[in-house]
Amino acid sequence: MTLNEHSLQALSWRKLYLSRAKLKATSRTSALLSGFAMVAMVEVQLEGDHDYPEGLLTAFSACTTILVAVHLFALMISTCILPNLEAVSNVHNLNSVNESPHEKMHCYIELAWAFSTVIGTLLFLTEVVLLCWVKFLPLKKKKDDDSGTISAGEAAAIASTSIMVPFGLVFIVFAVHFYRTLVSHKTDRQIRELEELSNITRLQDQLDHRSDALEVI
């Protein structure tokens with residue numbers, strides 16, 4: 001095996017381990033968050049005598065459904081691809097990496113990763129806010145309180161929204177910054193790897209020329 005082929009195999013093995021780690025994190029995160037969303041939908045108790053805003057209930061139902069669907073889709077991709085990567089990574093043979101489907105399934109792996117960590121997390125934050133409104137909104141003011149202030153339930157819901165909205169913005173800024181930093185790191189690493197491959201190829205050509213010259217002599 002030439003130095004060039006050895007470097008390409010080492011790069012492929014790194015991609016395999018990275019894809020496997022992403023799918024493992026995706027499966028754990030999606031199972032946890034989708035389970036929480038289902039429990040929240042089942043366990044929430046609606047007050048029959050309270051007139052809920054129609055938009056609130058619709059938004060809560062739609063957000064929960066989309067949240068579960070997104071995480072289950074990511075979980076399905078992880079469940080289908082991860083066993084194939086595990087089977088290859090457990091074989092102690094350098095050439096076995098060529099049998100792994102992580103190169104062809106790269107777009108699906110990235111899609112599952114984005115669904116679970118970005119879209120799914122944003123939906124989860126929205127789910128928490130809507131759940132607070134559904135849970136606390138029925139709490140009414142005391143009968144002897146005739147002031148124009150809002151009820152304790154509305155205050156609790158507004159407080160949770162005021163906390164979660166800035167946190168959601170911070171999460172979006174961090175996600176964008178992390179993605180840009182990761183892309184920049186991958187670009188720099190690929191440039192270095194291309195330079196190393198170029199140096200290895202040039203060294204291999206020099207060795208071939210020397211061997212040819214020795215054979216002529």
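Author: Of the contacts in the protein chain with a separation of 6 or more, 82% are between residues 24 or more positions apart; a contact means heavy atoms within 4.5 Å. This is a predicted model, in which local features need pLDDT of at least 70, side-chain atom pairs count only at pLDDT 80 or more, and totals for chains, interfaces and linings use all residues. Residues are numbered from 1 along each chain as its sequence is written, and side-chain values use heavy atoms, with hydrogens and water left out.

The protein chain has four helices and zero strands, in the order α-α-α-α from the N terminus. Helices (H or I, at least four residues) and strands (E, at least two) are DSSP runs, numbered from the N terminus.

The part to look at is Ala10, in helix α1 (residues 3-43). Its C-alpha atom is 9.4 Å from that of Val97, although 87 residues separate Ala10 and Val97 along the chain. Ala10 counts as partly exposed because its relative accessibility is 29%; buried means under 20% relative accessible area, exposed over 50%, and partly exposed in between (1.4 Å probe, protein chains only). Across the protein chain, 30% of the 217 residues are buried.

Elsewhere, helix α3 (residues 106-136) has 31 residues and should span 45 Å at 1.5 Å a residue, which agrees with the 44 Å between its end C-alpha atoms. The expected span is 1.5 Å times one less than the number of residues. α3 also bends by about 40 degrees at Gly120, the bend being the angle between axes fitted to the seven residues ending there and the seven starting there.
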